[in-house]
Amino acid sequence: MQKSRQVSLPYKIYSWFGIRPQKVCLCPFLPVHPLHISTHLYIIQHPAEENKVLRTVPLLAACLPQDKCKVKIGRRFSEERDPELATICRKSGTLILYPGAEAANLEEFLLDSPVYPSTIIIIDGTWSQAKDIFYKNSLFRLPKQVQLGASVPSQYVIRTQPTSRCLSTLECAALALSILERDDCIQETLLRPLQALCSFQLQHGAQIRLSKEHLLKNGLYPKPMPKNKRKLRKMELLMNSVKI
């Protein structure tokens with residue numbers, strides 16, 4: 001069974017940025033110094049995301065202090081495998097950002113919370129991967145579950161999303177941190193390298209990726225409808241704008 005692990009951020013950031021030619025280098029779009037934040041951010045990354053070229057977590061990590069942003073890679077997490085994460089999940093000041101019927105609106109939760117959050121956990125992966133990690137790891141039921149109330153279209157236009165309202169990990173973190181830190185400039189700063197990445201990719205042949213919801217509603221979905229009943233049901237929900 002695969003063990004979870006924590007990546008070394010400086011190496012990962014260097015190797016990811018180091019492969020880009022100078023004319024499309026993203027370094028000029030990063031903050032000169034890491035952002036000063038009090039919130040600790042834990043990214044729980046599905047292993048399949050680690051080697052994707054256009055992932056957003058390295059951009060996020062490059063903007064934040066190393067001691068405030070930790071990336072843990074794996075599918076299964078437990079007290080025995082990761083006692084540090086287990087301790088974090090049990091703290092009253094820890095939140096996990098994952099949408100659902102039981103999730104509180106982050107901004108509304110902060111108004112009434114007796115303990116101001118010090119840590120937020122975000123799962124990085126496709127929606128099905130994130131769902132698998134959230135529901136099959138009991139540790140992630142311990143923190144208060146919150147979701148973002150703002151319904152804004154994603155700026156990560158070079159990767160297909162289920163709906164236009166689905167945000168990338170970087171976008172989720174940017175919005176959540178700006179709320180927790182009470183500083184809108186954080187969101188602007190974190191989005192800047194993502195906007196530059198998308199701009200560069202579009203200038204060099206990439207296509208704007210419309211959401212699955214848009215493609216299905218307009219009869220543009222390029223693949224045949226799935227025969228699997230569960231997958232077909234998901235497609236039908238998207239076509240009817242129902243949250244899945």
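Me: Is arginine 182 buried or exposed in this predicted model?
Reply: A residue counts as exposed when its relative accessible area is over 50%. Arginine 182 has a relative accessible area of 66%, and therefore the residue is exposed.

Me: Where is arginine 182 found, and what is its phi near?
Reply: Arginine 182 is found in the loop between α6 (169-180) and α7 (184-203). Most residues other than glycine have a negative phi. Arginine 182 is not glycine, yet it has a positive phi, near 55 degrees.

Me: Is lysine 72 buried or exposed?
Reply: Lysine 72 has its place in strand β3 (residues 69-73). Buried means under 20% relative accessible area. The relative accessibility of lysine 72 is 3%, so this residue counts as buried.

Me: With which side chain does the side chain of lysine 72 make a polar contact?
Reply: The contact joins two side chains at 3.1 Å. The partner of lysine 72 is aspartate 82.

Me: Which element supplies the largest share of the largest nonpolar core?
Reply: The largest nonpolar core holds 47 residues, and Leu64 and Leu190 are among those that touch the most other members. Elements that each supply at least two residues of this core include β2 (40-45), α2 (57-63), β3, α6 and α7. The largest share, nine residues, comes from α6.

Me: Which residues does leucine 64 touch, not counting residues up to four places away in sequence?
Reply: Residues up to four places away in sequence are left out of this list. Leucine 64 then touches Pro34, Leu35, Ile37, Leu41, Cys69, Leu177 and Leu190.

Methods: Residues are numbered from 1 along each chain as its sequence is written. This is a predicted model: local features need pLDDT of at least 70, side-chain atom pairs count only at pLDDT 80 or more; totals for chains, interfaces and linings use all residues. Side-chain values use heavy atoms; hydrogens and water are left out. Helices (H or I, at least four residues) and strands (E, at least two) are DSSP runs, numbered from the N terminus. Buried means under 20% relative accessible area, exposed over 50%, partly exposed in between (1.4 Å probe, protein chains only). A polar contact is a pair of N or O atoms within 3.5 Å; within protein, one must be able to donate a hydrogen and the other to accept it, and residues adjacent in sequence count only if both atoms are side-chain atoms. A nonpolar core is a set of buried Ala, Val, Leu, Ile, Met, Phe, Trp, Tyr and Cys residues joined through side-chain atoms within 4.5 Å. Contact means heavy atoms within 4.5 Å.
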